[in-house]
Amino acid sequence: MENWHISGKTKFCGVIGDPVEHSISPLIHNAALRKMGLDYLYLPFRVKIEDLGKAIEGMKALNIKGLNVTLPHKVAVIPFLDELDHLAEKIGAVNTIVNNDGVLKGYNTDATGFLQALLENGVDPKGRRVVILGAGGASRAISFILAREGADLLILNRTLDKAKECAARVSRTFGKKVKVLKLSKENLAKTLSWADILVNATSVGMSPNVGETLVTSDLIESGLIVFDIVYNPLKTKLQREAEYAGSETIGGLDMLVWQGALAFERWTGRKAPVEVMREEAIKALEKGEN
Ligand code: ATR
């Protein structure tokens, strides 16, 4: 690394997960830290499930300033933290930890990063009808933030019970009814003609399954905004289908970059150089470094 000086004053951040080898967060964050001339270093840590508690204690002991948390630890990490941001508590998942002089606080910048990506693309979800595909961790974060912002939600999932559970949690928190349906071509056709925004919060279409999509162009009307949270490949089959139908699309890269940028801002207290992070992410994904 050129122009990189690690001294006794250098602060540390990183990502914990298992696996973590494919994470491009170290590239994105270190590029941003270097650009800002901040005396921080961001490192990947592979942490096994059984070592999670020790890793979090170690964060305190070693005075690591911040961590991103990725699969499979986003939920399991919660009992080891001292405080939770309101949204992270409601979602029940943490992807960012800030160490404030030995007090560890958990945040969920997947949710706020998703919202920021929408807003950056000129889409305010307030009062909009949104169909969300999937009911896993990503969907939960997205449905909570959209409900908070006043969107009207409908969740479609292959496993209906998981969709019901996700919807019930949102309803309990925001007192807002969330509809659910089983994912099928028929239900997609019905609901997409109602929707303003479609969010794919499943992993369908992710590399190496780049030819897969749950929704094809015949189901998409040109006014629909399509947000695919999959960022590898940079343009998914779903996005291509949506573009073919004349629809505006937002890719998962924007969410990835914003969840990183919002974590960066929490750790450093500085505005993140979002464009630098985006360029670095694109470079890494195009090179296949993940
Ligand atoms: P994440 O944390 O990324 O959301 P997850 O919790 O494993 O990951 O959730 C993955 C989501 O993608 C789930 O909603 C899953 O559907 P099920 O709940 O029925 O398992 C959905 N998913 C994955 N592969 C799918 C496929 N081939 N068709 C439809 N849905 C799929």
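Predicted model: local features only at pLDDT ≥ 70, side-chain atom pairs only at ≥ 80, totals over all residues.
**Stop 1: a pair of strands.** Select residues 11-17, strand β1, and residues 40-46, strand β2. These two strands run parallel and are joined by seven bridges. For a close-up, show C13 and find its bridge partner in β2, which is Y42.

**Stop 2: the whole sheet.** Strands of a sheet pair through backbone hydrogen bonds, either parallel or antiparallel. Here six strands make an open sheet with mixed pairing, and the order to trace is β2-β1-β3-β5-β6-β4. Which strands stand at the edges? They are β2 and β4 (83-84); each has a single partner strand, so one side of each has no neighbour in the sheet. E83 has K105 as its bridge partner in β6.

**Stop 3: a helix across the sheet.** Select residues 52-61, helix α2. This helix lies across β1, β3 (66-69), β5 (96-100) and β6, at about 40 degrees to β5.

Stop 4: In soluble globular proteins, nonpolar side chains tend to be buried together. The largest nonpolar core here has 63 residues, and F114, I132 and F227 are among those with the most contacts inside it. Helix α9 (residues 252-268) gives the most to this core, with 10 residues. Next, centre on I132: the residues it touches include I142, L146, L153 and V199. Finally, select L192, A195, V226 and A242, which belong to a second, separate core of 17 residues.

Definitions and conventions:
Residues numbered from 1 in each chain as written. Heavy atoms only, no water. Pairing = 2+ DSSP bridges. Helix = DSSP H or I, 4+ residues; strand = E, 2+ residues; numbered from the N terminus. Contact = heavy atoms within 4.5 Å. Axes fitted to C-alpha atoms, helices over the stretch in contact; angles between N-to-C directions. Core = buried A, V, L, I, M, F, W, Y, C linked by side-chain atoms within 4.5 Å. Buried < 20%, exposed > 50% of the residue type's maximum accessible area, 1.4 Å probe, protein only. Lists of a residue's contacts leave out its neighbours within four places in sequence.
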